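Subject: structure handover

Hi,

Here is the structure I promised to pass on. Have a look at it first, and my notes follow below.

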Amino acid sequence: MTIQQLEYIVALDNHNNFVRAAEACNVTQPTLTMQVQKLEDEIGFLVFDRSKKPFTVTRLGKVFVQHSREILSRINNLREQVNYELETVEGTFRMGIIPTLAPYLLPYLLPDFIKNYPKTKLVIEELQSEIVIEQIKNGKMDVAILSGPVDDTFIQEHFVYSEPFLVYHHEQSPLREKKLISTSDLDLDKLLLLSEGHCFRNQTLNICGKDDLTEVGSFSYYSGSIESIMALVDKGLGYTLIPELAVFKAKGLKNTKRFQHPQPARDISIISHTAFHKQAFVDAIRKTILKNLPAHIKKNERIVRVRWR
């Protein structure tokens with residue numbers, strides 16, 4: 001017994017004609033007739049008495065048709081509820097974001113999102129990329145915003161935008177004379193990096209053509225904060241790479257330089273488990289980000305994407 005067969009039974013009762021019932025169900029008349037016969041064979045009695053013209057509904061058939069209508073009504077209600085659950089953005093969602101993105105991107109996301117989706121609660125946690133990915137796969141987190149690509153069978157990625165890397169230097173640095181930076185201009189002995197585990201560190205090393213960097217200089221500083229490293233740069237202790245949104249957060253930093261085209265950039269994506277069904281929520285996050293980002297960042301084209309994995 002199938003839902004389709006029940007729909008055929010109800011259509012026949014509605015139209016009292018096999019041809020019109022088949023048209024209403026968008027099937028051929030022989031197909032409808034065959035499926036009704038199969039159903040009657042399965043339940044062990046005739047729903048319709050075809051010996052009369054026009055055919056009539058049998059005594060047991062009337063009971064069966066009534067129950068069929070009730071079942072189809074419940075199924076339609078269930079479908080509507082499922083569609084609502086898929087399309088609504090209401091509820092509580094756990095969202096991860098990497099530390100090198102959170103202080104720069106969240107101001108572009110949260111004010112507008114909270115205003116437009118008042119029935120949605122975001123529980124946001126800053127975590128390194130590998131931890132975020134693991135929590136998504138384990139079902140401990142619904143979505144996350146990080147630098148992709150992730151390339152994982154259990155993860156679906158939704159690209160949002162590409163963000164260039166910029167060089168941040170001291171005001172007396174030799175780099176101040178440069179209009180644009182090439183990787184050959186970078187003195188690795190003076191490069192300040194985030195601590196291990198941050199994808200931004202791996203991307204910085206990739207830009208510089210290094211797998212890793214041995215400790216240099218007179219001190220070692222293990223930090224997960226780009227702004228802490230920028231403060232050291234301000235004291236003349238080297239230079240570092242920063243994401244472009246960091247410039248906007250600081251309302252324009254004087255001591256920054258762009259790379260030559262194509263600029264190295266990181267892809268920013270929203271990720272979720274492949275089993276996560278709230279596509280409407282993902283779309284709402286993505287649209288809100290794109291609506292509020294500085295226009296030129298959304299249109300970055302002359303870039304080369306830097307991987308971290």
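Let me start with the lining of the largest cavity: Leu192, Leu193, Leu194, Phe200, Arg201, Thr204, Ile226, Ile229, Thr240 and Leu241. By cavity I mean a set of points, on a 1 Å grid over the protein atoms alone, where a 1.4 Å probe fits but cannot get out; lining residues have an atom within 4 Å of a point.

Before going further, the ground rules. This is a predicted model, so local features need pLDDT of at least 70 and side-chain atom pairs count only at pLDDT 80 or more, while totals for chains, interfaces and linings use all residues. Residues are numbered from 1 along each chain as its sequence is written, and side-chain values use heavy atoms, with hydrogens and water left out.

Back to the cavity. The search of the whole structure turned up 1 cavity of 30 Å³ or more, and the largest holds about 50 Å³ of space (volume is the space filled by probe spheres set on the points, which are joined across faces, edges and corners). At least two lining residues come from each of α7 (199-207), α8 (226-234) and β8 (240-243), with α7 giving the largest share, 3 residues. Helices (H or I, at least four residues) and strands (E, at least two) are DSSP runs, numbered from the N terminus.

On to the cysteines. There are 0 disulfides, taking a disulfide as a pair of cysteine sulfur atoms within 2.5 Å. For Cys208, the closest cysteine sulfur is in Cys199, 15 Å away, which is too far for a bond. Cys208 is buried at 15% relative accessible area, whereas Cys25 is partly exposed at 22% (buried is under 20%, exposed over 50%, partly exposed in between, with a 1.4 Å probe and protein chains only).

Most residues other than glycine have a negative phi, and most peptide bonds are trans. Here, Lys53 and Pro54 are joined by a cis peptide bond, omega about 0°, and Pro54 sits in the loop between β1 (48-49) and β2 (56-57). Gly148 to Pro149 is cis too, with omega near 0°; Pro149 is in the loop between β5 (143-148) and β6 (155-168). Asn16, in the loop between α1 (3-15) and α2 (18-24), has a positive phi of about 55°. Asn26 has a positive phi of about 60° and is exposed at 71%.

Cheers

Conventions: 1 Å grid on protein atoms, 1.4 Å probe; cavity = no way out; pocket = protein on both sides within 12 Å on 5 of 7 lines; lining within 4 Å.
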